[in-house]
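Welcome! Please take a look at it first, and then we can go through a few places together.

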Amino acid sequence: MQDEKMTKDYYINIYKDDVTKLIQYIPYLEKKSGKDVSQDYQDSKMTSTMAFPVYDSVLLNFVKEAGNTVFMDRNYPYFYTRNRIDTLRDEMKAVKQADIMHMEPLCCILSKYILGGRTKAHLWKEGVENRIFLEILKKAKECMEYWNDPLGTEVGNMINNMSK
């Protein structure tokens, strides 16, 4: 029993600070779920060039903070192959099965959308529209609160007010 408690405390210590930082974006992600968070920039002078996406500034802050957390795993493609994850439904199932001792699904799926979005712009947009970011953050918060004290979202309300 003591070894199990120490192991859970070990994982809590690893993830707690980063989860606390990221859960501040839950109100924003709830508000934006299913909605478009980017616009294509086109100028009348640029008729022969390709349009490029312009993202919501709060989303870009989230991506920047998430990219600097322990959740980032550059080997996420191996997780997808090993667990035969191909669809959004598979990703959501893996997120729901995660717990404090098995945070790899949250890390790898978040990594796919954050790191992959640096080269494939549609991934950040999909992460918000398909509620992937939101579900990952809710699950991470649930895991932390189950074994630890509740985490506050005071700053999250401030971020939510900024996006209005």
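Is Phe71 buried or exposed? Phe71 counts as buried, because its relative accessibility is 3% and the cut-off for buried is under 20%. Keep in mind as you read that this is a predicted model.

**Aromatic pairs**
- Across the whole structure, a search finds seven aromatic pairs.
- Tyr15 and Phe71 make up a tilted pair, with 5.3 Å from centre to centre and 45° between the planes.
- This pair links distant parts of the chain, 56 residues apart: Tyr15 sits in helix H1 (residues 2–22), and Phe71 in the loop between helix H3 (57–67) and helix H4 (76–82).

**Helices H5 and H6**
- The axes of helix H5 (residues 88–97) and helix H6 (residues 104–116) come within 8 Å and cross at roughly 140°, which means that H5 is oblique to H6.
- On the H5 side, Glu91, Ala94 and Val95 make the contact, while H6 brings Pro105, Leu106, Ile109, Lys112 and Tyr113.
- Sorted by class, this contact has six nonpolar residues, two charged ones and no polar ones.

**The loop residue Ala98**
- Ala98 is found in the loop between H5 and H6, and it is buried, with a relative accessible area of 4%.
- Beyond its neighbours within four places in sequence, Ala98 is in contact with Pro105, Leu106, Lys139 and Cys143.
- Ile136 is 38 residues from Ala98 along the chain, and their C-alpha atoms are separated by 9.4 Å.

Methods:
Residues are numbered from 1 along each chain as its sequence is written. This is a predicted model: local features need pLDDT of at least 70, side-chain atom pairs count only at pLDDT 80 or more; totals for chains, interfaces and linings use all residues. Side-chain values use heavy atoms; hydrogens and water are left out. Axes are lines fitted to C-alpha atoms, for helices over the stretch in contact, and angles run from 0 to 180 degrees between N-to-C directions. Helices (H or I, at least four residues) and strands (E, at least two) are DSSP runs, numbered from the N terminus. Angles under 35 degrees count as roughly parallel, over 145 as roughly antiparallel, 65 to 115 as roughly perpendicular and the rest as oblique. Contact means heavy atoms within 4.5 Å. Ala, Val, Leu, Ile, Met, Phe, Trp, Tyr, Cys and Pro count as nonpolar, Asp, Glu, Lys and Arg as charged, and the others, Gly among them, as polar. Buried means under 20% relative accessible area, exposed over 50%, partly exposed in between (1.4 Å probe, protein chains only). Rings of Phe, Tyr and Trp (its six-membered ring) pair if their centres lie within 6.5 Å; planes under 30 degrees apart count as stacked, over 60 as edge-to-face and the rest as tilted.
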